[in-house]
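Trainee: I would like to go through this model with you. Where shall we begin?
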Amino acid sequence: MIDPADYALWNSGVPRPYLKALSRDDLLTEGDGVRVRDSGGRWYLDGRSGLWNVTLGYGNTRVKEAIKQQVDRLPFANSYGYGRPAQVTVDCAEALVGHLPEGINHVRFASNGAQAVEMALQLSRFLRLRAGQPERMAVFAMWDGFHGQGPGAGMVTGVPYLHHQTGPMLPEVHHAPGPFSAGATQGVSDMERLITEFGPERVTAVIVEPVVGEGGHILSPEYLGSLGRFCRRHDIHLIFDEVVTGMGRVGDFTRAGQLPDVTPDIITLGKGITSGYVPMSAVAIHDRLYEQLHERTTGDTALSVGSTNDGHAVAAAAALAVIGALTEDGVLENVRRREADLLSALGKLQAQHPELRAFRALGLFCGLELGEPGGPSWSPGKVNQLRMTLESRGVLSSSLRVVPNLMLMPPLVITEDDVAEIAEALDGALTDVKSGRLPESGFAKAMG
């Protein structure tokens with residue numbers, strides 16, 4: 001354990017119990033390819049890509065060189081307000097929109113996913129106010145959807161504990177069950193039904209993840225197509241939060257780009273936009289909103305959003321390198337091939353381990369549902385025990401605090417052998433948990 005008096009970093013919501021479990025040997029010190037090494041000398045296959053964001057793995061030459069060259073050339077330029085943006089930031093925006101759905105041709109850069117979500121919500125409400133519709137402020141989101149933390153992003157996140165932990169947050173936010181929720185209505189979606197009952201004329205925006213991060217639920221093209229038509233019919237802004245799904249995670253630049261029947265008004269991007277090497281996110285908007293922004297903005301009524309590091313030159317250089325890797329280095333093709341390998345491996349595991357109730361994968365975005373055969377779902381604590389047992393076998397993964405699922409989000413550059421290694425470790429970890437064998441490390445036992 002670590003003495004709290006000797007640990008200056010605050011990186012846990014429960015600092016003292018966390019530090020009782022942590023040792024100096026558990027700190028990460030090195031990354032190479034799809035693996036990381038801790039200070040105790042052990043290497044792990046990073047099956048969670050950092051926090052789902054290190055999409056190109058560690059030490060990608062293209063991204064590293066772009067960052068180094070930009071630091072030498074111009075490490076910073078102000079993209080906010082009256083500043084002159086860096087040429088590389090303009091180049092990045094122009095390159096990015098070339099891979100977004102038709103009509104989405106303008107990008108505002110931010111620093112993280114939650115900020116991008118809040119920018120999108122501010123834009124939607126700003127346009128309503130400038131159109132003389134102050135009554136149209138309501139936002140609808142989905143239970144179990146995750147859009148970040150903070151007074152705005154945390155409120156649209158469909159995880160109740162975030163709504164109450166610090167008191168009042170963004171008002172006029174409502175949630176609807178997703179089609180994957182227990183008791184979801186058949187036919188008309190609960191989202192469309194509840195908005196209709198509430199009054200569409202009072203709603204400014206709907207925000208959804210096309211693949212829900214809390215469990216990896218894949219919203220069907222039919223569901224999203226219907227929602228898109230509903231929003232267009234009622235002039236409701238449809239926001240796709242693609243902070244996780246964007247930039248290659250699902251085998252394309254966006255999930256929206258894979259859906260021919262729906263084009264959102266706003267797409268938020270983050271996570272893999274720089275492969276996690278530098279903080280960055282983006283808000284991409286459709287031409288129709290950009291034109292409204294132009295028409296409804298004057299010198300005295302400008303939408304003031306942003307912060308110092310938005311559109312950072314070094315981050316833009318990294319993002320340009322990521323775009324190059326996705327388009328020129330075969331990364332997207334690799335995601336599609338490894339998706340097939342992963343689904344095949346999980347199917348074989350399910351035949352041996354009935355507690356693996358279901359699994360869902362789109363690209364390399366994968367959620368595993370666990371529970372006793374014919375009985376209840378595993379608790380979040382038991383799923384976390386599986387995560388730690390898997391870690392003891394050399395593979396990092398993610399477990400969720402509220403939804404009892406294990407998430408596999410490996411780098412987009414994993415190989416067929418890496419998939420086999422993940423499956424073998426998961427096989428052993430499931431056997432260990434069923435037999436009651438816990439990992440030997442104090443960290444694993446305490447955190448399990």
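Mentor: With a term: a residue is called buried if its relative accessible area is under 20%. Please keep in mind that this is a predicted model.

Trainee: Does that make Thr-157 buried or exposed, and why?
Mentor: Thr-157 counts as buried because its relative accessibility is 0%.

Trainee: Where is the place of Thr-157?
Mentor: Thr-157 sits in the loop between α6 (153-156) and α7 (160-164).

Trainee: And what does its side chain reach?
Mentor: The side chain of Thr-157 reaches the backbone nitrogen of His-147, at 2.8 Å. Beyond its neighbours within four places in sequence, Thr-157 has contacts that include Gly-145, Phe-146, Leu-162 and His-175.

Trainee: Changing topic: how many aromatic pairs are found in the whole structure?
Mentor: The search finds two. In one of them, the ring centres of Phe-140 and Phe-198 are 5.5 Å apart and the planes are at 70°, so this pair is edge-to-face. It links distant parts of the chain, with Phe-140 in strand β5 (residues 138-142) and Phe-198 in helix α8 (residues 190-198), 58 residues apart.

Trainee: Are Phe-140 and Phe-198 buried or exposed?
Mentor: Both Phe-140 and Phe-198 are buried.

Trainee: What volume has the second largest pocket?
Mentor: Its volume is about 810 Å³. The lining has 27 residues, and those closest to the centre of the pocket are Ser-79, Val-107, Arg-108, Phe-109 and Tyr-290.

Trainee: Which element supplies the largest share of that lining?
Mentor: That is β4, with five residues.

Trainee: And how do the residues of the lining divide?
Mentor: The lining of this pocket has 16 nonpolar, nine polar and two charged residues.

Key: Residues are numbered from 1 along each chain as its sequence is written. This is a predicted model: local features need pLDDT of at least 70, side-chain atom pairs count only at pLDDT 80 or more; totals for chains, interfaces and linings use all residues. Side-chain values use heavy atoms; hydrogens and water are left out. On a 1 Å grid over the protein atoms alone, a cavity is a set of points where a 1.4 Å probe fits but cannot get out, and a pocket is an open set with protein on both sides within 12 Å along at least five of seven lines; lining residues have an atom within 4 Å of a point. Grid points are joined across faces, edges and corners, and a volume is the space filled by probe spheres set on the points. Helices (H or I, at least four residues) and strands (E, at least two) are DSSP runs, numbered from the N terminus. Ala, Val, Leu, Ile, Met, Phe, Trp, Tyr, Cys and Pro count as nonpolar, Asp, Glu, Lys and Arg as charged, and the others, Gly among them, as polar. Buried means under 20% relative accessible area, exposed over 50%, partly exposed in between (1.4 Å probe, protein chains only). A polar contact is a pair of N or O atoms within 3.5 Å; within protein, one must be able to donate a hydrogen and the other to accept it, and residues adjacent in sequence count only if both atoms are side-chain atoms. Contact means heavy atoms within 4.5 Å. Rings of Phe, Tyr and Trp (its six-membered ring) pair if their centres lie within 6.5 Å; planes under 30 degrees apart count as stacked, over 60 as edge-to-face and the rest as tilted.
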